[in-house]
Amino acid sequence: MYQKQGKSAFKKDLINILKLTEHLNNPQQRFKTIHVGGTNGKGSTSHMLASIFQEAGYKVGLYTSPHLKDFRERIKVNGVMIRKNCVINFIKRNKTFLAANQLSFFEMTVGLAFEHFAKQHVDIAIIEVGLGGRLDSTNIILPELSIITNISKDHTQMLGNTIAKIAFEKAGIIKANTPVVIGEFTPETKTIFQEKALKTTSPIYYVNQQQENTFTTDLLGDYQQKNINTTVQAITILKNKFSKITNTSIQKGLQNVVKNTGLKGRWQILNKEPLTICDTAHNEAGLKLVIEQLKKQQYNNLHLVLGFVNDKNVTVILKLFPQDAFYYFAKPAIPRGMDTEKLAKLGEKQHLNYKVFSSVSKALLAATKKATKNDVIFIGGSTFVVAEVV
């Protein structure tokens, strides 16, 4: 399971998922899909799209990862998680096959999602890429549209340590004669996307992120504006095929993302006094945007409850945060969590005012006790840190 193990759980081919879907009679061929990849923003964009389709009256499957609290968050239809019995029965029915073929946790989950969406007769399923694109288990669908939100450095052990290599992996979701929307790009990534789109004769659309957009969302992060622009561009292309989508359903969909899909952990306010915010941003590019917004808040003191996984460049990440904050370091409760000893050494090097705690909840409790009502508490650094507080 990648969530716990990291790199050793990553399968570098599609053999297993193809075997599994064939065993399940190819459920992924029985409904329409939209495929959403990219380094940051793919989760929010997927939830925005699902919410818009729901508001337009479609039955919508939503597949995302990782989950925060409950495995079933990964597989939803119209915002409702898959039932426990469906998960249990899927494993019971297919146990011999799954064991014999040594499927990974992620491969099994993708197969389960595809079967569930087919059985539920969804009109459309929004499928978020797990990791990368080209070799991701979700990459056996033939979508109506592909979306690549942006490219930055993350999961470099699997995807390569340059932007060009990562962009090549993400571009793997561009399918023959299928439109693709690119949310953000640089001259370097644009070349890679264009080459792939040319090979596959796929119409390619670049989002103008400078363009003023009148749409707003109930998701509070400043960075969501980029995801809105990407989502609206995608919906504009899809409108011809999905005639029930109107401007009103776009507007309502973007305004009711949390209500319609249950999305959590994106600039989520947990408390008003002191203002307590959590966010799942976990790489340099994502955290930069979150910290920019954090610096705009009015406060007397800033309290940072932080933990990381051990495959991140935490030295670079810590330098992004304000030096004059109070730091509360904890290890997220997963095997991949970075030990607080190591984190303390990095804090020491950067002359941070820090304390170490045996759990995220203890770190948050200490921050809450120390903070006054005019302070701000931020919890983040990893999806798994946020999972422990939402």
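This is a predicted model: local features need pLDDT of at least 70, side-chain atom pairs count only at pLDDT 80 or more; totals for chains, interfaces and linings use all residues.
Reader: Take strand β14. Is it mostly covered or uncovered, and how many residues are buried?

Author: Buried means under 20% relative accessible area. Strand β14 spans residues 376-380 and is mostly covered. Five of its five residues are buried. Val376, Phe378 and Gly380 lie on one side. Ile377 and Ile379 lie on the other.

Reader: Which strands pair with β14?

Author: Look for bridges. Strand β10 (residues 275-278) runs parallel to β14, joined by four bridges. There, Thr276 stands opposite Ile377. Strand β11 (residues 302-306) also pairs with β14 in the parallel sense, over five bridges. Leu304 has Phe378 as its bridge partner.

Reader: How many aromatic pairs are there?

Author: Rings pair if their centres lie within 6.5 Å. The count comes to twelve. Take Phe31 and Phe117: their planes stand at 90° and their centres 5.9 Å apart, so the pair is edge-to-face. Phe31 is in the loop between α2 and β1, and Phe117 is in helix α5, 86 residues apart. Both are buried.

Reader: Why is the pair Phe71 and Phe105 edge-to-face?

Author: Planes over 60 degrees apart count as edge-to-face. The planes of Phe71 and Phe105 are at 65°, so this pair qualifies, with centres 5.7 Å apart. Phe105 is partly exposed, because its relative accessibility is 22%.

Reader: Which charged end sits over the ring of Phe326?

Author: That of Lys370, 3.8 Å from the ring centre. Likewise, the charged end of Lys190 sits over the ring of Tyr206, 4.7 Å from its centre.

Terms used:
Residues are numbered from 1 along each chain as its sequence is written. Side-chain values use heavy atoms; hydrogens and water are left out. Buried means under 20% relative accessible area, exposed over 50%, partly exposed in between (1.4 Å probe, protein chains only). Helices (H or I, at least four residues) and strands (E, at least two) are DSSP runs, numbered from the N terminus. Two strands pair if DSSP finds at least two bridges between them. Rings of Phe, Tyr and Trp (its six-membered ring) pair if their centres lie within 6.5 Å; planes under 30 degrees apart count as stacked, over 60 as edge-to-face and the rest as tilted. A charge sits over a ring if NZ of Lys or CZ of Arg is within 6 Å of the ring centre and within 35 degrees of the ring normal.
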